[in-house]
Amino acid sequence: MTGTAGPPSDGSGLADLPLRPELVGEEPYGAPQLDVPYRLNVNENPYPPSAVVIADIAAAAATAATEMNRYPDREARALRADLATYLGHGLTADQIWAANGSNEVMLHVLGAFAGPGRSVLSFAPTYSMYPEYARDTHTTWLTAPRQDDFTIDPDRAVAAIKEHRPDVVFVTSPNNPTGTAVALDTLIKIIEAAPGVIIVDEAYYEFARAGTPSALELLPRFPRLAVTRTMSKAFAFAGGRLGYLAASAAFVDALRIIRLPYHLSAVTQAVARVALAHADELLARVADLRAARDELAVWLAGQGLEVAESDANFILFGRFPDRHAVWQGLLDRGVLIRETGPDGWLRVSAGTPAEMTAFKDALETVLKETR
Ligand SMILES: *Cc1c(COP(=O)(O)O)cnc(C)c1O
């Protein structure tokens, strides 16, 4: 839960502490974590691991426990080698970085390449966490707008980069919360214009339509490019907290300078390797989730709603004069989605057939009530 206690009157409250001024009044990140029957709000893969994977995770944790008195491998070499193999594209372990979720990877990137007097630019609307990483690393946060259909216009993107000369550019593809994938030729223009480092956040890449190219293809050409991925979404491993990045070995060396020592626990490293060994099984539902997404898009459009084209495992839809009322109406029926994105829009994750039916039934009722 995200609730904050009321201010104590004895001088021991948050307001009495010498907090950094830019953090005063800030709330911790918080998609609500509510215990409801249908959770379609944070783009998790709804399918839990099989008994075989659970047993292998438990065995790996038990083995790690036998050396729990020792620090883990600081460089997570075995895990990074496995991640390189999973990604392919001729990548090697020294070109891979891993951390506790790709959120931590991004923080490492800004720690190494941004900071006071530097800036990071992205294309809005986009991932709500980026401005928080910027704030936390004392970096100036800049945005350039996407088009009305949420694509990035290459000429406007290049113009924004030339105007601001950001030290870091984040391009999210497929984008969150809109689901929009970025074409490789647009990406190339952005990379060629950017004076600093470029991060392509491919958290949802596995859900993209067949034939959608990955920015990994561009790594050999652009030494200041990095591509981030996560095991939290397609991989059905959000609870394992493992995100990673592919770039040049030199780029990875920069991140190694600023990471905390032993940042990836022995248990995290061991169980992530188990998950990678079972990649085929864990990714098996991706095709089902893509199909659920596409069916839902058609259904939503059939309700007379606007639907953003999505290459991710969620859909942004709208527009509602009072989106909060729609969100609340769904929650009252046990369906939790996300109130995010531009005004009037809502985001729903692709789920199991039962979850999709529950969402559609609830939305039909809510639409009747609110229209
Ligand atoms: C979910 C998400 C991530 C992944 O976060 P983790 O820390 O790896 O769980 C990264 N980027 C975007 C845009 C996301 O939506």
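This chat walks through the sheet of a predicted model and the helices on it.

Student: What should I know before starting?
Tutor: The model is predicted: local features need pLDDT of at least 70, side-chain atom pairs count only at pLDDT 80 or more, and totals for chains, interfaces and linings use all residues. Residues are numbered from 1 along each chain as its sequence is written, and side-chain values use heavy atoms, with hydrogens and water left out.

Student: What is the strand order in the open sheet?
Tutor: Seven strands run S2-S8-S7-S6-S5-S3-S4, with mixed pairing. Strands are DSSP runs of E, at least two residues; helices are runs of H or I, at least four; both are numbered from the N terminus. Two strands pair if DSSP finds at least two bridges between them.

Student: Which strands are at the edges?
Tutor: S2 (96-99) and S4 (140-145); each pairs on one side only.

Student: Do S2 and S8 pair parallel or antiparallel?
Tutor: Antiparallel, over four bridges. Trp97 has Leu245 in S8 as its bridge partner.

Student: And S3 with S4, parallel or antiparallel?
Tutor: Parallel, over six bridges. Val120 stands opposite Trp141 in S4.

Student: How does the chain cross from S3 to S4?
Tutor: Through helix H4 (residues 130-136), in a right-handed β-α-β crossover. Right-handed means that, with the strands pointing away from the viewer, the path from the first strand over the helix to the second runs clockwise.

Student: New topic. Which strands does helix H2 lie across?
Tutor: H2 (residues 77-87) lies across S2, S7 (225-230) and S8, at about 115° to S2. Axes are lines fitted to C-alpha atoms, for helices over the stretch in contact (heavy atoms within 4.5 Å). Angles run from 0 to 180 degrees between N-to-C directions.
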